[in-house]
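Have it open while you read, and I'll go through it point by point.

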Amino acid sequence: MDKIEIIGGKQLNGKIQISGAKNAALPLMITSLLTPDTLTLKNVPSLRDVNQLKRILGNHGTDLTVEGKRANGSQYAGETYHLTARDIVDTTAPYEMVSTMRASFWVLGPILARCHEAKVSLPGGCAIGTRPVDLHLAGLEALGAKIELEDGYVLATANGGLKGGRVTFPKVSVGATINVLMAATLAKGETIIENAAIEPEIGDVANCLVKMGAKIEGIGTKTLHIQGVTNLEGTVHSVLPDRIETGTFLMAVAATGGEVELLGAAPETLTASIDALRSAGVSIEETADGLLVKRQNGQLKPVHIETQPHPGFPTDLQAQLMALMTMADGRSVIRETIFENRFMHVQELARLGANISLNGDTAIIEGVKELHGAPVMATDLRASVSLVIAGLVAKGTTTINRVYHLDRGFEKIEEKLGNCGAEINRISE
Ligand code: UD1
């Protein structure tokens, strides 16, 4: 199993290309199940989760071709995928495929909408809390689906097809919004989704669906109106830049000091994170090509933050912010309101010398003068990258084990950081 070794203490300076967003690429790939035509996706990041989804879609009958290298193409430009689900040959998503990645559960809505039946294993993914799927199922039931649970599988049927309905989510869910949105595009009549999540990745998916012929109003707002159509067509769509990768690099530079331009970053997708970092004393400016982040001198100021659905501070940057605040001048308070049990990085950061105490959903971080390297364990996707940030500043060597978590969501991270002066290496075993 690969490890990452970091010798801390180097500033970061240079430019980093931001990849396409994992959390948009995954549902965009899944929308290919809604049409027999070819969906072309550009700027797809090269990640373990994307590879896993390729296998899942292939099992349902999706043909995939990936464009080869192009002259003058940048190695960080993202890949171009052509996905064609001419026929759905298998409406079952088996446990072996679905268990490692929660987003694979999102095939349920599209397969049900197109084939009027689907059988999908209950999902796995990062071990951050219980992460139920009740909202997905209630949403599909509101569109006329009959849902049964059997041996760890969801069996959904819609004799005669799905029908438009009103879905009012009692809690904001990214996945449930996407699942129901995709299903509603092919349902008969109008669907209204209230209290929809408004994460930028949902807007990206909705815009792609519109290009495929879907009728959706209210994109970017908490109420979506979808008029069902009988069929969708292929289109060409480019995956939006990854705001979580962007925020992670902002925090890495804030931690080490230095000056880095994040090329292709979309600042409007992470205003709460930029505001939080500015209030900590980090300089962040928009440039023609993205964002320029600098921290030349002075200690970081502590922050008080709670995670919230978009446009609030994202839970997917909570661990990284905590790593950064271990070095602030004073006490920071970070409250996690989205997921229970998303503090597994705390004990690993403590191994590097961080001073963090937990009280329910709240972490209290007392800034320390320095961190020191140690062997640590990556426990989930975002937690693992918080250890990278801490390792970049810790004195001595930090070895991160179980980096497959990191590979699920961060493309070529050691290369990107290494090109900016970090001493970071992958050790394959
Ligand atoms: C997505 C993101 C993940 C991010 C999360 C919150 C992808 C692939 N994953 O995950 O990176 O951390 O949004 O921004 O885009 N919930 C229920 N019932 C449900 C569904 C969710 O109670 O049926 C709860 C969850 O347990 C959690 C909250 O709702 O407490 C938000 O979860 P949700 O937005 O659904 O997260 P995901 O879509 O799984």
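1. First, the ground rules. A polar contact here is a pair of N or O atoms within 3.5 Å; within protein, one must be able to donate a hydrogen and the other to accept it, and residues adjacent in sequence count only if both atoms are side-chain atoms. This is a predicted model, in which local features need pLDDT of at least 70 and side-chain atom pairs count only at pLDDT 80 or more, while totals for chains, interfaces and linings use all residues. Residues are numbered from 1 along each chain as its sequence is written, and side-chain values use heavy atoms, with hydrogens and water left out.

2. An N or O atom in the side chain of Lys171 sits 3.4 Å from a ligand oxygen. How much of the ligand does the protein bury? It buries 90% of the 740 Å² that the ligand exposes when taken alone (areas by the Shrake-Rupley method with a 1.4 Å probe).

3. Who else is around? The shell holds 20 residues, with Arg102, Asp134, Ser173, Asp316 and Ile338 the closest; to be counted, a residue needs a heavy atom within 4 Å of the ligand. By class there are nine nonpolar, five polar and six charged residues. For that tally, Ala, Val, Leu, Ile, Met, Phe, Trp, Tyr, Cys and Pro are nonpolar, Asp, Glu, Lys and Arg are charged, and the others, Gly among them, are polar.

4. Helices α5 (134-142) and α6 (174-185) each supply at least two residues of the shell, and α5 gives the largest share, three residues. Helices (H or I, at least four residues) and strands (E, at least two) are DSSP runs, numbered from the N terminus.

5. Where does the ligand lie relative to the domains? Domain 1 (3-19 + 241-427) and domain 2 (22-234) both give residues to the shell, so the ligand lies between them. These bounds come from an automatic or database domain assignment. The domain centres, taken over C-alpha atoms, are 30 Å apart, and 27 residues of domain 1 are in contact (heavy atoms within 4.5 Å) with 23 residues of domain 2.

6. Have a look at Ile198, in the loop between β11 (190-194) and α7 (200-211). Beyond its neighbours within four places in sequence, Ile198 is in contact with Gly220, Thr221, Lys222, His310 and Pro311. The last two of these are joined by a cis peptide bond, with omega about 10°. Pro311 itself is in the loop between β18 (304-306) and α10 (318-325).

7. Strand β9 (residues 153-157) pairs antiparallel with β7 (residues 117-121) over five bridges; pairing takes at least two bridges found by DSSP. Ser121 stands opposite Tyr153 there. Strand β8 (residues 146-150) also pairs antiparallel with β9, again over five bridges, with Ile147 partnered by Ala156.

8. Last, backbone angles to check. Most residues other than glycine have a negative phi, and most peptide bonds are trans. Asn43, in strand β3 (residues 38-44), has a positive phi near 65°. Asp151 has a positive phi of about 50° and sits in the two-residue turn of the hairpin formed by β8 and β9.
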